[in-house]
Amino acid sequence: MLVRFARPEDAPALHVLNELFNGEGSNAERAIASSLAHNRLELVCVAEEQSELVGFCCGQLFDSLCYNVRYAEVTELFVLESHRRRGIASRLMGFMEQAFAALGIFDYQLFTGVENAGAQTLYRGLGYAESAERMFRKRIPHPQDAPPNTPSNTPSDTHSGAYSGAHFDEVTIYFIRHAESDHAVREDFIRPLTARGLADAERLPEALAGVRFDRICSSPYLRAVQTVWPLARAQGLHCELIEGLHEQRVGEWVEDFRPFAEKQWADFHFRLPGGESLADTQARMIGALHRLVEGAPGQTLAIGTHGEALSTVLRYYRPGFGFADFWRIVPLLPYVIRLRLRGTECVGMEEIPLNR
């Protein structure tokens, strides 16, 4: 059983699960795919077994002028009936709580039906306590209820967010490889930064003080998020978790990493059982990067990333990039390199020196 962040290509399966949970016609498959690609205030994780999605969980992120911290709400939790009572709901909730924590959110809530005894038992078992608040709802007439040919029903121009024509606005990407992490924690998703790594991350806003970012994005892995979080906080931005930007999935823990890395770089399609090759990682990373670039014309982005994953991107734009180049940056924690992209073409690449 794998629990992971949802991707736009999960939309067909999520559409089926959502209709089982929320009813037929709740949302269109295309709308679900668009939300997964562009909604930066919702986190969605899925449970996958033998390449089939069997459950999902959604969390909404909130900012308010009334409070100096963000908070979150778990809005949806569903597991196929055939897969219940196997701990999948608890794993989905645990994954979502880890994602909240990675974003610096430690206070969250959820609502469930007063007659849903099973869900209430689950949430109590996970440490949730009932509040004294009462929920109120109101429905006002929907614009679709208006008579035909009224202004409410007049089609409006839409913008797809994709590039059109031959002109491409230049996008500047600062790739920030994470600071020093604690290798005593072998679980990739939750491996944290060391005390030194956290201190180095706190110095990044000063090192990049001359750059105004439009967006801060990151691999969902904790060490990457912890590295760019001080930068996001200093610039008053959200940290957007992008599933496709995570580190290479090796398949198992590798004790002697250098021989393994040399073999990978000698054969870009080499992989361990259950893992990704560097070619797989590159395809995933470039796909995620191109989607980001399409939605950010003229913008400057920071991306929290990892050594292997970033190196496959650099090789994509600089085909001569090989093992020696990768191994040179292995001890550089954190490491920052700026790429200037025009569409899918890289028109500039420059390492950003950091005081160490």
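**Labels and their cut-offs**

Author: The side chains of Arg215 and Glu240 make a polar contact at 2.8 Å. This is a predicted model, where local features need pLDDT of at least 70, side-chain atom pairs count only at pLDDT 80 or more, and totals for chains, interfaces and linings use all residues. Residues are numbered from 1 along each chain as its sequence is written, and side-chain values use heavy atoms, with hydrogens and water left out.

Reader: What makes the Arg215 and Glu240 pair a polar contact?

Author: The term needs a pair of N or O atoms within 3.5 Å; within protein, one must be able to donate a hydrogen and the other to accept it, and residues adjacent in sequence count only if both atoms are side-chain atoms. The pair is at 2.8 Å, so the label holds.

Reader: Why is Arg215 called buried?

Author: Buried means under 20% relative accessible area, exposed over 50%, partly exposed in between (1.4 Å probe, protein chains only). Arg215 has 11% relative accessibility, so it counts as buried. Its contacts (heavy atoms within 4.5 Å) beyond four places in sequence include Arg40, Leu237 and Leu292.

Reader: Where is Arg215 placed?

Author: Arg215 is in strand E7, residues 215–218. Strands are DSSP runs (E, at least two residues), numbered from the N terminus.

Reader: How confident is the predictor in the protein chain?

Author: pLDDT is the predictor's confidence in each residue, from 0 to 100. The chain's mean is 87, and 92% of its residues reach 70 or more. Over residues 150–166, pLDDT stays under 50. Where pLDDT is low, the predicted coordinates should not be read in detail.

Terms used: Helices (H or I, at least four residues) and strands (E, at least two) are DSSP runs, numbered from the N terminus.
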